[in-house]
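Biologist: Please go through this model with me, starting with how its parts are put together. I will ask, and you answer with the values.

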Amino acid sequence: MPEFGPDAPTGYLLVAALLFATGVFAAISRRNAIGVLIGIELMLNAAALQFAAYGRFAKSAADPQGQTAAVFVIVVAAAEAAVALALLFAVYRRTRDIDLEQNRELRS
Amino acid sequence: MTLPAPLAALPAPELALCVGLGAILLADLVPALVARRVAPWLGLAACAAAGVCLAVAPGDGAGMFAVDAIGRLARGLILALLALQLLAAAGDRRPARDVGVLAAALVALALGAGVTAAASHALPLWLGLELVALSSYALVACGGGDRRAAEAGMKFVLFGGVASAAMLFGLGHLYGATGSLDFASIGSGLAAASAAAVAPALLLAAAGIAYKLALVPLHGYAPDVYQGAPPLAVAAVSTLPKVAAAAALVRALQFVVPPAVAAPAALAAGLALVAATSLLFASFTALVQRCARRILAFSGIGHGAAVVLAAACAPQRAAVAAIAFYLLAYTAANTGALVCLALLERGPRGSDLAALAGSGRRRPWVAALLCLFVASLAGVPPLAGFLGKWGVLRLAFADLGAPALLAAAFAFVAATAIAAWSYLLIVRAVLFAGDSGPTDPREAAPLPVPLPTAVVLLLCAAATCGLGLWLDGFTAFAAVGP
């Protein structure tokens, strides 16, 4: 099996790690809630890609568990995005702002 | 009778909750049923059916779920808590159209918690945690709450999304390193893998559970959610996910570490360090809070950390009984305290200590019960909370050869002593502080407490006072089975 290329896991895993790192960076650096949400989606997609890659290049034979997990991740990511967007709409309707720094009424 | 394959993949108790959830959602489409507020009672029926299923045939759902002591106890506790929450929802005075949403979210929360508590496979574990998270967001933000509830929901969903995605990425790495998503195969695969390669993956996977237990440094959302969300939502969100996450933690540890032997020193020390940090941080931070619900939030962080301390102790078999009892005592007292607070609060910032001042005069019985629940949380003997703490301490002091566990046990004692002061702040505000609220004659004679709510309070109080009498019986009950 080649070390790198379409028939080796390395490339897929590298892309997944890169996606995950980008998502983490977006999630912790963005002040806008939509930006954080995009970061979370990137992290979830990185995980799905990783599952699919590990399933395809499993040690013995291709393992269906990884592909199954990836499909589940896609479905749950959609559900999570729907709930999160509904919540952000609720915040926006009340305060006209979804900036995390501006919505800070709750404190000790 | 054999079920078709897709249904057989779910254990019978969770299947019963699924049916109940469907019934609630369908009943929500019929205006006559909505007006009669049937949703909580439908949920209670499903809860009872699930309880019977759990006692008779828990089921292993095509091998993805474990039938073991911690799973049985945690799911039983989850169903009991769901019944309490549904009763409280039935007694709530919110508009009839919101009751269906509330009941549906509660049943979905319990369903996710049950799946999480029973899972012995990474996929149902993550799916259960996600269902818990999504229904928690709905409970916090959609219960007819105000701007603060929406803000709490937004912080909750963003924090939770990051924690969940990080956990999933860690699980993916574990799958790559061990070739399986099944806990048993992951456990045997981990024994062969190098520690340095899998440690980051394990840490990421543990983050999801630590988030549900609100352990430092993943606790950030808890105080805001407690303060901003509707009180009944807080009572659900602060108990059910903790029970589920504690069960998942214990099960995961059992597969990584064989149940009969002590945890490896490094693992136990890591868990003890996390527990001690959270305990001390929570107890000190609670002292400077000016809101009763935020004090309860930091109390919840401390109680979650105590469970981790118990899980770090060996042997696992004894830890299961101690953890189950601790969770039972904590959830009963916490649910009772939050329901009491809901009855005492008035106005938009009603849970502030200043706003609660003298509220005990309006509802003396509720205030007395609140003091009872808070005393149990603080660990005043002979209440259930004290016995729970005692059980955890006995485990931690059982093995005097592990310095990390010993240090964490001393941190637990110190944190309990410090936290007692913050609980006293609540008692002082409710009982002794002068009444600063408006002297409206309608306010002076509040509405009577609804019957279902009174039943909830009495059940919580009975558990808080009476569990001590049944401690031996409970330990024997917890020890039965695999």
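Biologist: How far apart do the C-alpha centres of domain 1 of chain B and domain 2 of chain B lie?
Modeller: This is a predicted model. Chain B is divided into domain 1, residues 10-256, and domain 2, residues 258-482. The distance between the C-alpha centres of these two domains is 21 Å.

Biologist: What area is buried between domain 1 of chain B and domain 2 of chain B?
Modeller: In contact terms, 41 residues of domain 1 of chain B meet 52 residues of domain 2 of chain B. Carbon and sulfur atoms give 72% of the buried area. The area buried between the two domains is about 4000 Å².

Biologist: Which three residues supply more than any other three of the area that domain 1 of chain B buries against domain 2 of chain B?
Modeller: Their share of the area buried on the domain 1 side is 14%. The three residues are B:Leu73, B:Tyr226 and B:Gln227.

Biologist: Which element gives the most residues to the side of domain 1 of chain B that touches domain 2 of chain B?
Modeller: Seven residue pairs are in polar contact between the domains, both residues at pLDDT 80 or more. On the domain 1 side, the elements giving two or more residues are α5 (69-91), α11 (221-228), α12 (231-237) and α13 (240-256) of chain B. That side divides into 28 nonpolar, seven polar and six charged residues. With 12 residues, the element that gives the most is α5(B).

Biologist: Which residues form the salt bridge between domain 1 of chain B and domain 2 of chain B?
Modeller: The count between the two domains is one salt bridge. Domain 1 spans 10-256 and domain 2 spans 258-482, and a bridge with its closest N and O atoms 3.1 Å apart joins residues 224 and 294 of chain B. The pair is B:Asp224 and B:Arg294.

Biologist: Are B:Asp224 and B:Arg294 buried or exposed?
Modeller: A residue counts as buried under 20% relative accessible area. B:Asp224 has 9%, and B:Arg294 has 7%. B:Asp224 lies in helix α11 of chain B and B:Arg294 in helix α15 (residues 292-312), so the pair ties together parts 70 residues apart in sequence. By that cut-off, B:Asp224 is buried and B:Arg294 is buried.

Biologist: Which residues are linked with B:Asp224 and B:Arg294 in a network of salt bridges?
Modeller: In helix α8 (residues 147-178) of chain B, B:Lys155 and B:Glu151 lie four residues apart, about one turn of the helix. They form a salt bridge with the closest N and O atoms 2.9 Å apart. B:Lys155 is buried at 16% relative accessible area, and B:Glu151 is buried at 1%. The network also includes B:Glu151 and B:Lys155.

Biologist: How many residues apart in sequence are the parts that B:Glu345 and B:Arg293 tie together?
Modeller: The side chains of B:Glu345 and B:Arg293 meet in a salt bridge, 2.9 Å from N to O. B:Glu345 lies in the loop between α16 (316-344) and α17 (353-356) of chain B, and B:Arg293 in helix α15, so the pair ties together parts whose separation in sequence is 52 residues.

Biologist: How many salt bridges are there between chain A and chain B?
Modeller: A search of the whole structure finds six salt bridges over all chains. Between chain A and chain B, six residue pairs are in polar contact, both residues at pLDDT 80 or more. The salt bridge count between these chains is zero.

Biologist: What area do chain A and chain B bury between them?
Modeller: Contacts involve 41 residues of chain A and 43 residues of chain B. Carbon and sulfur atoms hold 71% of the buried area. The area is about 3700 Å².

Biologist: Which residues of chain A lose the most area to chain B?
Modeller: Together they account for 19% of what the chain A side buries. They are A:Leu87, A:Glu105 and A:Leu106.

Key:
Residues numbered from 1 in each chain as written. Chains lettered and ligands numbered in written order. Heavy atoms only, no water. Domains from an automatic or database assignment. Contact = heavy atoms within 4.5 Å. Buried area = accessible area lost by both parts, 1.4 Å probe. Salt bridge = Lys/Arg side-chain N within 4 Å of Asp/Glu carboxyl O. Polar contact = N/O pair within 3.5 Å; in protein donor to acceptor, adjacent residues only side chain to side chain. Nonpolar A, V, L, I, M, F, W, Y, C, P; charged D, E, K, R; others polar. Buried < 20%, exposed > 50% of the residue type's maximum accessible area, 1.4 Å probe, protein only.
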